[in-house]
Amino acid sequence: MYNVSSLKAEEFISDEEIRETLAYADANKENLEVIDQILHKAKERKGLTHREASVLLACELPEKVNEIFALAEQLKKDYYGNRIVLFAPLYLSNYCVNGCVYCPYHAKNKHIARKKLTQEEIIKEVTALQDMGHKRLAIEAGEDPVNNPIDYILECIHTIYSIKHKNGAIRRVNVNIAATTVENYRKLKEAEIGTYILFQETYHRESYEKLHPTGPKHDYAYHTEAMDRAMEGGIDDVGLGVLFGLELYRYEFAGLLMHAEHLEAVHGVGPHTISVPRIKHADDIDPSAFDNSISDDIFAKICALIRIAVPYTGMIISTRESQEVRERVLPLGVSQISGASKTSVGGYAEPETPEEVTSAQFDVSDQRTLDEVVNWLIKLGYIPSFCTACYREGRTGDRFMALCKNMQILNCCHPNALMTLKEYLEDYAGDETRKIGMELIEQELKKIPNPKVKRIAAEHIHDIAEGKRDFRF
Ligand code: SAM
């Protein structure tokens, strides 16, 4: 039944294959010969199959677990350097016809405040986001063909890109909306979106159907096959994710990697990003009602193994996680984080007060301002990056992967990170952040290997101080 190249969900995410994988992982979790072979392959930067990575996930031998973490750190440094890209979610509408039992936007929730941004409200939200320094957004909406049809989403994207407030601009809009048709994906592509993100929530079909009892999202196959339709519609950067806590994490992990292998096999390009959300408290949602929650240790191990298994896929950690947890997983392979996020509709221009009936999707753990996040990253030795160059230069899908595989990042992403950080420091940073940020840029410029790129980057950084904006390699 299992067929990585099939276009049928039940065949490329075969339940039987996952069960056999978990049995194989259990049988080999202390088999040093097998484990060492897998680690050897990973060290050669060949990535890992879902079976191989599942053995490492099952393995609890302390020495081997330490090797896994060390290798993840090394791969992260080699492929992504010390850059961390920043973004913010923008909630457009929380109207939703689905019945997802973990999400407070479910249709039966009569308590939550239902809101949908008008174009005028979007201008206010985006202005507030630009004034913080954000350049990259992920737009979010519930599924509701009447309130949030594709034309509404497209209009919002158009509005977002058109707003130029002071030196601000949103240069990349990623989209996290429900599974849709090839035709609609084509429209999103034409609207120049960055990544199309859709979390699978769970790869376990039976659980999926129970967790999504009503609404169009109930259809497991339609949801699971969405990325193939997105690719057919011309979107070549897609973002996968599992909502950890819904099902057994080892099952999800194998399914997630099988999905990545499927995209690579069929479309020649794996997922652009993988997100690792965990269930959070929200309006009428109590995370303790879900008994598959994972510890911070397991969470960190999953992050490390994603980095090892799919070295060229970016990894995203949101503000669902605390500063402490984010700090722990950053070196293990995270490439993007959100900062200063609001999960309420309209929350950037008008933050909700605790007395108000909320419109938020979940509680945010890391509540720091963007400047605090940038400051923290710099002090940890990272370069906070607001870069959006790749997709604007047409380096999406396999072209981005080629850049990553050839390790050209130091000549391309690294200077882009420095230039966009410089913009942030000039336009939005607090005094201390500006000071340590300028010092960081001086240090990091020296690391650019190509002398011509180094010279041009230094010139652009000088020009940014003179008021020019938006340089990129
Ligand atoms: N409605 C769209 C869909 O069906 O994919 C958009 C996605 S929703 C706005 C973003 C994601 O938030 C969901 O895919 C889900 O994984 C996550 N989410 C929902 N409820 C959550 C909760 N209580 N805690 C953490 N994440 C949650």
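Trainee: Into which domains is the protein chain divided?
Mentor: The chain has domain 1 (9-76), domain 2 (82-367) and domain 3 (406-465), with bounds from an automatic or database domain assignment. This is a predicted model, in which local features need pLDDT of at least 70 and side-chain atom pairs count only at pLDDT 80 or more, while totals for chains, interfaces and linings use all residues. Residues are numbered from 1 along each chain as its sequence is written.

Trainee: How many residues of domain 2 are in contact with domain 3?
Mentor: 5 residues of domain 2 touch 7 residues of domain 3; contact requires C-beta atoms, placed from the backbone, within 7 Å. On the domain 2 side, the residues are 1 nonpolar, 2 polar and 2 charged. Here Ala, Val, Leu, Ile, Met, Phe, Trp, Tyr, Cys and Pro count as nonpolar, Asp, Glu, Lys and Arg as charged, and the others, Gly among them, as polar.

Trainee: And the ligand: which residues come nearest?
Mentor: Cys 103, Glu 140, Phe 199, Lys 280 and Phe 362 come nearest, out of 21 residues around the ligand; such a residue has its C-beta atom, placed from the backbone, within 6 Å of the molecule. The shell comprises 12 nonpolar, 3 polar and 6 charged residues.

Trainee: Changing topic, in which sense do β5 and strand β6 pair?
Mentor: β5 and strand β6 (residues 273-275) pair in the parallel sense over 3 bridges; pairing requires at least two DSSP bridges. Strands (E, at least two residues) and helices (H or I, at least four) are DSSP runs, numbered from the N terminus. Gly 239 stands opposite Thr 273 in β6.

Terms used. Contact = placed C-beta atoms within 7 Å.
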